[in-house]
Amino acid sequence: MNNTAYAGQLPRRTGHGPFYWVGWALLFHLLSSLVVQTVGLSIATNISPENAYHPVYLWFLSVVSVYGVGFWLFCITIRRTPLPIQRQAVHPMGVGQTFRAFILALGTMYLANLITVGVIALIGYLRGAPIENPVETITEYPAALRLILACVIAPLVEETIFRKHILRRLRPYGDAFAMVMSALAFALFHGNPSQLLYTFAVGLIFGYIALRTGGIHITILLHAAVNLVGTWLVPVLSEFGIFTGLLAFLVMIWGLVYLVAACRKLRFAPTERPLPHGGRYRRFFGTPGVICYVIISALIIATYFIV
């Protein structure tokens, strides 16, 4: 039987909505990662308590759970919804455009992070205790492992999940819709308030680039470059006494200039499978898997304000 969904129609597959397996894939990835991490820490605590929280073991556990088991289950589940055929025009990016995109993403990230730091500091002040930033624990990993995770494993796997599988499956329902929903899923994936805003902002940028270029090779490169700055370049410059705050400010201003220029040139392809007004968002957030994914992710983020 042909399960192809034509314009204005929903997939015929057992009455499920168009976003059914997208939601379950996200949820299975999240739950399996949590389970593997919990079991891994429990086993390590019983066998060797002194090494249970060793940075190398925590790195290994993170990679196996999130980028191994979780990614595997995500791919198996998401394939229940076939990738749509790429029909939109492809616009390759040259070296100059890629560099501008890098500065744009980096500057946007710095601005969003600055806002986040201010808000979290205010909340911490009002509640009388600082809010933990889990990103700081990454600095405890050995330098080589930190670079492998941030610049190789994370860009490859995360771009595959959010800009290939999710973005492309949502694109037939609208480019803007696909960008926002994939960016939101990307932000919730990080599971903490410190990264929520800037991962959403960068996710929008990477999503648009993936739509325009028709692939994820550029976003993988940009993702790796942005992570390289945060995990290696900034710490190295700080050790040499270079004022990284000033550099970050200059990059932020530079990136905002590119962002304003880019916003004027935004172009979105026509929606291939239009749904009733507001139907896309209502159907997406009404999917059981998406509901559970959002609730569990929100609860995980909320724990940082409680503990």
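How close do the axes of helix 5 and helix 7 come, and at what angle do they cross? They come within 11 Å and cross at roughly 55°; axes here are lines fitted to C-alpha atoms, for helices over the stretch in contact, and angles run from 0 to 180 degrees between N-to-C directions. Helices (H or I, at least four residues) are DSSP runs, numbered from the N terminus.

This is a predicted model, in which local features need pLDDT of at least 70 and side-chain atom pairs count only at pLDDT 80 or more, while totals for chains, interfaces and linings use all residues. Residues are numbered from 1 along each chain as its sequence is written, and side-chain values use heavy atoms, with hydrogens and water left out.

**Stop 1: helix 5 and helix 7**

The contact (heavy atoms within 4.5 Å) joins Glu-159, Arg-163 and Leu-167 of helix 5 to Gly-203, Phe-206, Gly-207, Ala-210 and Leu-211 of helix 7.

Stay on helix 5, residues 143–170, and pick Val-152. Val-152 is partly exposed, at 41% relative accessible area; buried means under 20%, exposed over 50%, and partly exposed in between (1.4 Å probe, protein chains only). Its C-alpha atom is separated by 9.6 Å from that of Asn-227, 75 residues apart along the chain.

**Stop 2: helix 1 and helix 5**

From helix 1, Val-22, Leu-26 and His-29 meet Ile-161, Phe-162, Ile-166 and Arg-169 in helix 5.

Centre the view on His-29. This residue of helix 1 is buried, with a relative accessible area of 6%. Beyond its neighbours within four places in sequence, His-29 touches Val-66, Gly-70, Phe-71, Phe-74, Ile-161 and Phe-189.

**Stop 3: helix 11**

Select residues 288–306. Helix 11 has 19 residues and reaches 27 Å from first C-alpha to last, close to the 27 Å expected at 1.5 Å a residue; the expected span is 1.5 Å times one less than the number of residues.

Which residues of helix 11 are buried? They are Gly-289, Val-290, Tyr-293, Ser-297, Ile-301 and Tyr-304. They cover an arc of only 100° around the axis, which puts them on the same side of helix 11; the arc is that of the directions from the helix axis to the C-beta atoms. The face turned away from the buried side carries the exposed residues Leu-299 and Ile-306.

Show the partners of the buried residues: helix 1 (20–47), helix 3 (95–127), helix 6 (175–190), helix 7 (193–213) and helix 10 (279–285). The axes of helix 1 and helix 11 come within 7 Å and cross at roughly 40°, which makes helix 1 oblique to helix 11. Among the contact residues are Gly-23, Trp-24 and Leu-27 of helix 1 and Pro-288, Cys-292 and Tyr-293 of helix 11.

**Stop 4: Ile-131**

Finish at Ile-131, in the loop between helix 3 and helix 4 (135–138). Ile-131 is buried, at 12% relative accessible area. Its contacts, leaving aside neighbours within four places in sequence, are Ile-120, Ile-123, Gly-124, Tyr-304 and Phe-305. The C-alpha atoms of Ile-131 and Ile-120, eleven residues apart along the chain, are separated by 6.8 Å.

Terms used. Helices (H or I, at least four residues) and strands (E, at least two) are DSSP runs, numbered from the N terminus. Angles under 35 degrees count as roughly parallel, over 145 as roughly antiparallel, 65 to 115 as roughly perpendicular and the rest as oblique.
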